[in-house]
Amino acid sequence: MLEILFSTGIPEIFHTNYYLVLFALLAIISVIATRFATRYGVPALVLFIGFGMIAGSDGLKLINFSDPFLAQLFGTVALVIILFDGGMQTKWDAVRKVMAPALSLATVGVVVTAGIVGIAAKLILPIGWLEALLLGSIVGSTDAAAVFSVLSGKNIQENLARTLEAESGTNDPMAVFLTLGFIQLILSEKAELLSLIPQFFWQMGVGGIAGYAFGRFAVWVLNRIRLDSGGLYPVLGLGFAFFVFSASALINASGFLAVYILALVIGNSDVPYRHAIFRFNEGLAWMMQILMFIMLGLMVAPQEMFEEFLVVGLLLSVVLTLVARPIGVYISLIPFHFNFKEFTFLSWSGLKGAVPIILATYPMLAGVEHSQSFFNVVFFIVLTSTLVQGATISPLAKWLGFESPGKKQQKHTIELLSLGTANADIIEYIVNEDDDIVGKQIRDLLLPKGTLINAIIREDNITTPTGHTVIQSNDLLFILVPKENIARLKRVLTKHRKDVVADAERGYCELPDHPEEKTPPKKRRNRFFRRKHNPKEDA
């Protein structure tokens, strides 16, 4: 079709409009398809890949795309946005409890998985050991976009869901490190395997420090800058993400790890327009996932992939899913207290996604032998992993007893605003069972001066609070508070009773706005008082 357009002498503007129409149709169809994918249990990411394969050179031939450089560039941009959104949505209080096993999975687990897949690749394919280990490294990590997409909206047991999310957000740097390291070993005759060890500590250590430092700096800037439009705050936050990624990469540190930690710091801090930043990043991350998977689908030739790599892809997929991933999970989680059912679920939930496909473009750009074959094999592995494992995670969780269908997630029915010019914020807070405010009336709370509880969402219903409203567990509070009193408000809401009393004594808090409702004491009769007789009263 493109050849017909170019041969008829149609102006260039119509060629541009042609691609815009295709882009719009693919975007609309992909978004609508997510609804049906959720209903029938099919991962939406598989549909995006399928759309790309149908529109590509082996399908309807609507778009001919096969540039690995552009694929890697766009994929890197998309992964930065997806990791930034995942880190922003991650609650540190919940992740902190599972960070140790998640980091073990993200490092030890990736190395073990890559090694076992590499051994299998050496036995199956006519390639050398370094090439085989390179292939294993490419598919060694799970994918943040795939994991966040599949777990979204499902009430999986919290410690398991948080472990998978933290692992998928932190194991990409390890896979990138191993992939680039083995490419360096293949292309350089003098390079040695032991030379990767100091590079590992440099990349992970500097990347983590850079992410935390820039995260604190970003929070400081967001809280002090006054922008004319609230829509600029999400753009500013995303700018910090790309800056810390590129700055870390320039000094050979892990940019992906830096982005995730930066987002973790910003997402768990009090910043203006926090809710708007969340919504902006969520929509942008979904768009990047759709475009990235469609683009990757365009790059593959389905006929060639299924004819030449069907058997090899299936064998490596089976080894990865049933052997390498379970052994990697077991070895990395030996020091932690997980039972057999939890091991099973964590092993099966090691979803592959865009990251391995993007990493498969690195050998192509570096000119590594068999790189095109690597790309086709990796694509097949990702496709089977996303289709088979992604579609069965929810049934497996129900069968093992890790999914609670009755539990509902809190829904935000109020659009939050940051009143930057008024030096105040509207913040949200979900009341925990052990908070000091549970069971108390609002008028009895020692709220900081200028603080007002605007609305309460309780069991999906909105309640207009009054002084007599009793705070209950799982209430979602929307509170207007001056910026300088946010820390004091946190002490009121949580378990810091002594600090709250101290703030009240210093005059920072509002005292209860009602008098003590006590019965006045009766006057005591004087024992020396002698009652005089009154004839009328006696009568």
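Does Phe201 count as buried or exposed, and at what relative accessibility? Phe201 counts as exposed, at 59% relative accessibility. Here buried means under 20% relative accessible area, exposed over 50%, and partly exposed in between, with a 1.4 Å probe and protein chains only. The model is predicted: local features need pLDDT of at least 70, side-chain atom pairs count only at pLDDT 80 or more, and totals for chains, interfaces and linings use all residues. Residues are numbered from 1 along each chain as its sequence is written, and side-chain values use heavy atoms, with hydrogens and water left out.

The protein has 539 residues, and 51% of them are buried. Its secondary structure comes to 22 helices and 5 strands. Helices (H or I, at least four residues) and strands (E, at least two) are DSSP runs, numbered from the N terminus. Contact means heavy atoms within 4.5 Å. Of the contacts with a separation of 6 or more, 78% join residues 24 or more positions apart.

Aromatic pairs number 10 in the structure. Rings of Phe, Tyr and Trp (its six-membered ring) pair if their centres lie within 6.5 Å; planes under 30 degrees apart count as stacked, over 60 as edge-to-face and the rest as tilted. Phe200 and Phe201 form an edge-to-face pair, 5.3 Å centre to centre with 75° between the planes. Phe200 counts as buried, at 19% relative accessibility, whereas Phe201 is exposed. Elsewhere, Lys122 lies over the face of Trp129, at 5.6 Å from the ring centre. A charge sits over a ring if NZ of Lys or CZ of Arg is within 6 Å of the ring centre and within 35 degrees of the ring normal.

Helix α12 (residues 232-250) packs with helix α14 (residues 274-299) at an angle of about 65°, and the axes are 8 Å apart. Axes are lines fitted to C-alpha atoms, for helices over the stretch in contact, and angles run from 0 to 180 degrees between N-to-C directions. From α12, the contact draws on Tyr233, Pro234 and Leu238; from α14, on Ala276, Ile277, Phe280, Asn281 and Leu284. These residues divide into 7 nonpolar, 1 polar and no charged. Ala, Val, Leu, Ile, Met, Phe, Trp, Tyr, Cys and Pro count as nonpolar, Asp, Glu, Lys and Arg as charged, and the others, Gly among them, as polar.

Two isoleucines illustrate helix surroundings. Ile183 lies in helix α10 (residues 172-187). Ile183 is buried, at 7% relative accessibility. Leaving out residues up to four places away in sequence, Ile183 touches Leu134, Tyr362, Pro363, Ala366 and Val368. The C-alpha atoms of Ile183 and Ala366 are separated by 7.7 Å, although the two are 183 residues apart along the chain. Ile327 belongs to helix α15 (residues 302-332). Ile327 is partly exposed, with a relative accessible area of 36%. With residues up to four places away in sequence not counted, Ile327 touches Val112 and Ile116.

Backbone phi was also examined. Asn252, not a glycine, has a positive phi of about 65°. Asn252 sits in the loop between α12 and α13 (255-267) and is partly exposed, with a relative accessible area of 42%. Asn474 also has a positive phi, near 75°. Asn474 is placed in the loop between β4 (461-463) and β5 (476-482). Asn474 counts as partly exposed, at 48% relative accessibility.
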